[in-house]
Amino acid sequence: KKCEPAAKTILSQSERLSNLIRSIINYSALDNDELETYEVDVSALAEEAVASFEPFAKEKGVELIKDIQPQVIVNSRKERIIEVLNNLISNAIRYNKPNGSVTVELKQEVLTVRDTGIGIAEENIERIFDRFYTVDKSHSGQGGGFGLGLAIVKKLAKRAGWKITVTSTLDQGTAFEIKF
């Protein structure tokens, strides 16, 4: 019985290390990704992503709002779009406030993920796309992030020629916009 807490800690930390290794491999693999692109229905993927994050949002006390125009088609790869959506939506939920909201908007070829969360100080905005950089140091790994999600989003956007912008106000929220 005394070993049970230690075993749980070992299991959770080994799972966390596995996730970190997978994230690093994924980030590194982007440099060698020469796979062909094809037409991707971003609208359908955004709808699926929002639905998949509903339980996490509910658990965090965050309302998930969607405003998704149907049939927005972009030349990319399905897994790249999913990676972008998952990173932006999960961060918006994770760094939100209780009773906050996350809005996923897709109009024409512009994706916006807006939250009412903790926001990002102006001096940190440029750094949030750096590998292993996290704004909220208080999480110290407890939030589940490694500081690779936004680095991956930025790298995918750059490779595809997409324009990514971020606007944020401390204690009011953040908005990420990607123009495909």
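In which helix is Asn87 found? Select this residue and you will see that Asn87 is found in helix α3, where helices are DSSP runs of H or I with at least four residues, strands are runs of E with at least two, and both are numbered from the N terminus.

Before going further, keep in mind that this is a predicted model, in which local features need pLDDT of at least 70 and side-chain atom pairs count only at pLDDT 80 or more, while totals for chains, interfaces and linings use all residues. Residues are numbered from 1 along each chain as its sequence is written, and side-chain values use heavy atoms, with hydrogens and water left out.

**The whole chain**

Zoom out to the whole protein, whose secondary structure comes to 4 helices and 7 strands, following the pattern α-β-α-β-β-α-β-β-α-β-β along the sequence. Of its 180 residues, 41% count as buried, a word that stands for under 20% relative accessible area, with exposed meaning over 50% and partly exposed in between (1.4 Å probe, protein chains only). Contact means heavy atoms within 4.5 Å, and among contacts between residues at least 6 apart in sequence, 71% join residues at least 24 apart.

Now select α3, residues 78-94. Its 17 residues should span 24 Å at 1.5 Å a residue, and its end C-alpha atoms are 24 Å apart, which agrees; the expected span is 1.5 Å times one less than the number of residues. The buried residues of α3 include Arg80, Val84, Asn87, Leu88 and Ala92.

Return to Asn87, which is buried with a relative accessible area of 13%, and show its side chain, a polar atom of which lies 3.0 Å from the backbone oxygen of Glu83. Such a polar contact is a pair of N or O atoms within 3.5 Å; within protein, one must be able to donate a hydrogen and the other to accept it, and residues adjacent in sequence count only if both atoms are side-chain atoms. Leaving aside neighbours within four places in sequence, Asn87 is in contact with Gly149, Ile152 and Val153.

Next select Asn96, in the loop between α3 and β4, which is buried with a relative accessible area of 10%. A polar atom of the Asn96 side chain lies 3.2 Å from the backbone oxygen of Ala92, and the side chain of Asn96 also reaches the backbone nitrogen of Gly117 at 3.5 Å.

From there, move to Val102 in strand β4, a buried residue with a relative accessible area of 0%. Not counting residues up to four places away in sequence, Val102 touches, among others, Val62, Leu64, Ala92, Asn96 and Val113. If you also pick Thr174, which is 72 residues from Val102 along the chain, the two C-alpha atoms are separated by 9.6 Å.

**Helix α2**

Select residues 42-60, which make up α2, a helix of 19 residues that reaches 26 Å from its first C-alpha to its last, close to the 27 Å expected at 1.5 Å a residue. Just after α2, Gly61 takes a positive phi of about 70°. The buried residues of α2 pack against β1, β2, β3, α3 and β4.

**The core and the aromatic pair**

Where is the largest nonpolar core most connected? Of its 41 residues, Leu88, Ile89, Leu111 and Phe180 touch the most other members, a nonpolar core being a set of buried Ala, Val, Leu, Ile, Met, Phe, Trp, Tyr and Cys residues joined through side-chain atoms within 4.5 Å. Select Leu88 and, beyond its neighbours within four places in sequence, you will find Leu111, Val113, Leu150, Val153, Phe176 and Ile178 in contact with Leu88.

Finish at the 1 aromatic pair that the structure holds. Trp162 and Phe180 lie edge-to-face, 4.9 Å centre to centre with 85° between the planes; rings of Phe, Tyr and Trp (its six-membered ring) pair if their centres lie within 6.5 Å, and planes under 30 degrees apart count as stacked, over 60 as edge-to-face and the rest as tilted. Trp162 and Phe180 are both buried.
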